[in-house]
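Let's walk through this one together, beginning at the ligand and then moving on to the aromatic rings.

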Amino acid sequence: MIDQYFMELFERIPRQGPGSKEDTTRAFKAIKSSLKDRPYILDIGCGKGVQTIDLARLSGGHVIALDNHEPFLTELEANAIQAGLDNHVDVYEGDMMSLPFNPESFDLIWAEGSAFIMGLESALEYWHSFIKKDGFAVISDAVYLQDEIPEPVFEFFEEEYPGMLTLNEGIELLKDEEKYRLIDHFTLSKEAWTTHFYEHLKREIDLFRENELSKNLKAKPTLEYLESEIDLYNQFNDYFGYEFWILRKK
Ligand SMILES: C[S@@+](CC[C@H](N)C(=O)[O-])C[C@H]1O[C@@H](n2cnc3c(N)ncnc32)[C@H](O)[C@@H]1O
C-alpha cells in the first residue's frame, strides 16, 4: 500500500528499507579487491541514499544515485554536501525500468531493497547490459529464510512481492545464472530491520497519530498497515529477511 501518507512517513525517516552501514560495508568488501580504483557506480532505487553516501566513502569512486521520487533525491544531495562527498555523488531522477545510460557504463550496479519493484530476475536481466565486462551487481532483496512459511507471512508477501523466492531457491537460481557468477551472499542483520528502519518508522507513525491524525483521518489505514508490517517482522523474523546477493557479470 503506497499512498501519499506512506510517502510522507518515508520522507521523515533516514532509510526507506532495511539496511545498515555494517551490511553495506560487508557486501562492498566482498568485491573491493577486484573492483577498479575510483569505480563508476549506479545506485538504483537509492531513496534518501544512506547507502549511497557509504558507498561513495567506501569506494572513493563516483556514484550516480537514481530514484523516481524527487524529494528523496533533494535530501540526498544535501546529505552528500554535508558529508563533503558532493564531488563523488550525482543524483538522477528516473525509472529503474528505463535507464538512460549507455551499455557497459558502470563498474558496479548497487541496489538495496529496490529490485523487488521489477522482481530480482527481471532486474538482473535488464540491468546486465549497463554493467561493464567483469563488473558487479550487488543487490539486497527480500527472501523467505525457510522453506516452510507461516500463512500470515505468505499472505503478506504474495501481496507485496508475488513470487518472492526462498533463500534456497535464490541460491539455486543464481548459482546457475547464465549471465552472472554468484560470488557471495549473506542475510542482512536483524538490526538492519529494527534499529535502522522500523524503530524510526514506528516513531514517525506514533508522532503522526499524536499530532496529525485528527486532521488527516484518511491516513488511518496506512498507519495501521505499516504497524501490521512491523508486527509481522517482530513475530516472524526467523522466516523472512533480506539477502545481499553479490554477483559478477560473466
Ligand atoms: C524500499 S526503498 C529502498 C531505498 C534505499 N535503497 C534504502 O535501502 O533505504 C525503494 C526505493 O525505490 C524507489 N523506486 C520505486 N520505484 C522506482 C522506479 N520505478 N524507479 C526508480 N526508483 C524507484 C522508491 O522511491 C524508493 O526510494
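**Around the ligand**

Start with Asp95: one of its polar side-chain atoms is 2.9 Å from a nitrogen atom of the ligand. That is a polar contact, meaning a pair of N or O atoms within 3.5 Å. Bear in mind that this is a predicted model, where local features need pLDDT of at least 70, side-chain atom pairs count only at pLDDT 80 or more, and totals for chains, interfaces and linings use all residues. Residue numbers run from 1 along each chain as its sequence is written, and side-chain values use heavy atoms, without hydrogens or water.

A polar backbone atom of Met96 lies 2.9 Å from a ligand nitrogen, and for a polar backbone atom of Asn68 the distance to a ligand nitrogen is 3.4 Å. On its own the ligand exposes 600 Å², and the protein buries 88% of that (Shrake-Rupley areas, 1.4 Å probe).

Who else is there? The shell holds 18 residues, with Gly45, Asp67, Asp95, Met96 and Glu112 coming nearest (a residue counts if one of its heavy atoms lies within 4 Å). By class, five are nonpolar, nine polar and four charged, with Gly counted as polar.

**The aromatic rings**

Now the rings: there are 24 aromatic pairs, counted when ring centres of Phe, Tyr or Trp (its six-membered ring) lie within 6.5 Å. Phe106 has 0% relative accessibility, so it counts as buried (under 20% relative accessible area, 1.4 Å probe, protein chains only).

How values were computed: A polar contact is a pair of N or O atoms within 3.5 Å; within protein, one must be able to donate a hydrogen and the other to accept it, and residues adjacent in sequence count only if both atoms are side-chain atoms. Rings of Phe, Tyr and Trp (its six-membered ring) pair if their centres lie within 6.5 Å; planes under 30 degrees apart count as stacked, over 60 as edge-to-face and the rest as tilted. Buried means under 20% relative accessible area, exposed over 50%, partly exposed in between (1.4 Å probe, protein chains only).
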